[in-house]
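Hi,

Here is the structure I promised to pass on to you. Have a look at it first, and then read on for my notes below.

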Amino acid sequence: MGKVLFFAGGIHPENDGKYLTEKCSIQEPPLFSEYTVLLSQHIGAPAKPIVKKKDNILKGQKIAVAAGFISANIHAPTSGTVKDICNCPGPNGMPSPAIIIESDGEDSACEPMEPIKDWENAKPEELIKRIAEAGIVGMGGAAFPINVKLSPPKGKTIDKLILNGAECEPYLTADHRLMLESPETVIKGARLLKYILGTKRALFGIENNKKDAMNALREAQAYNDDIVIQNLQVHYPQGAEKQLIYALTGREVPNKGGLPLEVGCVVQNVGTAVAVYEAVVEGKSLYERITTVTGTPLVSPGNWKFRVGTPLSEVLRCAGGVKENPGKVILGGPMMGMAQHSLEVPISKNTSGVLLLSKDETSLFEGNPCISCGKCVDVCPMNLIPSVISLQVETEAFELAEEYNVGDCMECGSCSYVCPAKRPLVQYFKKAKSVIAINKRKSQ
Amino acid sequence: MTGAILFLTLLGLALGVLIGIATKVFAVYIDPRVEETEDLLPGANCGGCGLAGCSEFAKALVAGKVEPTDCPVCSSDDINAIGKVLGIKALSEIKDVAVVMCCGDNENSPELSLYNGINDCASAVFAAGSVKACRYGCLGLGSCVHACPFNAIEITEAGIALVHPDLCVGCGKCVEACPRDLIKLVPETAECHILCSSPLKAPAQRKVCKTGCIGCRKCLKEAGKDSIEMDGFLAKIKYENAPKIELVNACPVKTIKPKLGLEEKLKKITEAKKVKEGK
């Protein structure tokens, strides 16, 4: 099995909640009557709608186009009519522009893009163009448009392709189930990405608690040496891009906004590999994704292949509803996810999980002054000094916080998790980042 | 023993003489008016005048760089007293007070979600967009309370910021602190205010707040164009020509509220009017 790799810092929650759903195979949800497709499901500029109110559309039809270099196309999740294009509650609490589609119940698909079966002889540029057309974004959470990630600027060579199957976030099992249930597609997608980037090997990084998935992948790749499957220590945030690169290659991504390609690495989620394979070989655009719906208040938690735009209310209905009134509804995992105030918020391309926490599991507390214990410094995987930065933000010394590299914080939440004074550390850093960005825009 | 006493006495005398000479030779002349004016200033160092504290302001006053009325905190009596010291005629202006242009408390604009984070309004806006249903209203987390150097603002039990006009000196610190720009400086003499800052149309407004301005224009008809202007679906008072307190009764959704402390006056006027109409 080789040695188990890891990185410095991070935490290990005792109860990672994976037991709730790791045995639940991926299910197909029924067709819903309405889908709210957000126009901003990715990092970058929101897509521009190309349909009008009352237009008839088909499943897989392009309904919004990328508006700029870092942006992505959006496709219809089902057939029906465009009910409205308006602002809807978005995952970040702000109203977000969305296309509301009323399903006609027939779910008739439009003509798929022409499959490129013989991709091994196609030009990589052609394949990247197809991936952009299909609107594929990173499915791990950040939702960065993949075509941008796959076309490194001139002069940069990529020698390591890393497939991220770590799924370090507690409670989530969507990637685990995907690797277990369709290992062939994952491997094929990895080979396709490897071909586009021109690397020798594709490295899979998988946490040690998913041995069954590792075995499935090893069998599916027929023990060829072009795919290396590496087991990693079960440790949060093992699946974060920079930590994964360090664990697998020993390379450190430079700070102050450095990108993995500066150390010759590209990291892709396993879900993305499957989406890329389907887009190229089957001509299918990205309008559905696997989402873990979990939490102790749910009657039957599990994994579903939801279409983009499915409102949370329907998602919870799929999981059999709730046994008790939940304390929190979180989009994503417990460490990095965002708590929601409305069940109208829809699933988007990067929603890896919907988590319900019971009232006992969510504690309401007031942040106390820092006691300088240094626990947060020990666990910060980016080697920042959360205690000091939080004090700087508290006193509104944002320039000082920038000097202390608050911009490198990836908001993994490890510091907030260990803080004995219950300080809302990540919120301080998020605030600092927003304020610094606003100040920069003003000074320009 | 005697030697030591003698030595110390002589040393003390010598140093005393030295200090006496130094005070004469190195004396710095301070205009006595600076000290006198500084005593009349509030001494809160709020920075409302734009200078670094009250002593700087006093120096600038004596130097003739600023006017006594540039201090937003001084009462008209103080300003006249300063004028006397400086030997200039200081006309006291009408004082400005801060008003929170929102009346959507927890009852009228219910809380959307339970916010449990950094206790300050700007952080809440960054984290969740809104705490209450209305996206334009007061969050009630008290950034303005922390900013006020005069303890003039309180968060009421219903979860909304309230400025006490008798304590407010109009320094404008709270205006900067509010992330939603809800606080405005208005003349002290204004008897009523339109407490809403939401540009929403009536149906959307009614959904999120029971007392938000719906843009019905009733106040405009009642008070006339000189006193009220419409900014889209939001009525605004023209404070240079502020309407009388009776306007409060014209608003069907109770967005127009009397100035704090004038509720009794309004009651009397309303009753008197009723009696008159009854006749």
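A salt bridge links B:D120 to A:K431, with the closest N and O atoms 3.0 Å apart; the term stands for a side-chain nitrogen of Lys or Arg within 4 Å of a carboxyl oxygen of Asp or Glu. By that rule, the interface of chain A and chain B has one salt bridge. Please keep in mind that this is a predicted model, in which local features need pLDDT of at least 70, side-chain atom pairs count only at pLDDT 80 or more, and totals for chains, interfaces and linings use all residues. Residues are numbered from 1 along each chain as its sequence is written, chains are lettered from A and ligands numbered from 1 in the order in which they are written, and side-chain values use heavy atoms, with hydrogens and water left out.

Five residue pairs are in polar contact between chain A and chain B, both residues being at pLDDT 80 or more (a pair of N or O atoms within 3.5 Å; within protein, one must be able to donate a hydrogen and the other to accept it, and residues adjacent in sequence count only if both atoms are side-chain atoms). On the side of chain A that touches chain B, helix α13 (residues 425-443) of chain A gives the most, with six residues. Helices here are DSSP runs of H or I with at least four residues, strands are runs of E with at least two, and both are numbered from the N terminus.

Chain A and chain B each bring 16 residues to the contact, meaning heavy atoms within 4.5 Å. Together they bury about 1,200 Å², 63% of it on carbon and sulfur atoms (the accessible area, with a 1.4 Å probe, that two parts lose on being put together, summed over both). Of the area that chain A buries against chain B, A:H341, A:Q427 and A:K431 supply 43%, more than any other three residues.

Now to the strands. Chain A has an open sheet of four strands in the order β2-β8-β7-β4, with antiparallel pairing; two strands pair if DSSP finds at least two bridges between them. β2 (34-38) and β4 (56-57) of chain A are at the edges with a single partner strand each, so one side of each has no neighbour in the sheet. Five bridges join β2(A) to β8 (residues 95-103) of chain A, and A:Y35 has A:I101 in β8(A) as its bridge partner.

In chain B, four bridges join the antiparallel strands β6 (residues 228-231) and β7 (residues 234-237). B:I228 stands opposite B:I237, and B:G232 takes a positive phi near 70° in this hairpin, which has two residues between the strands.

Best wishes
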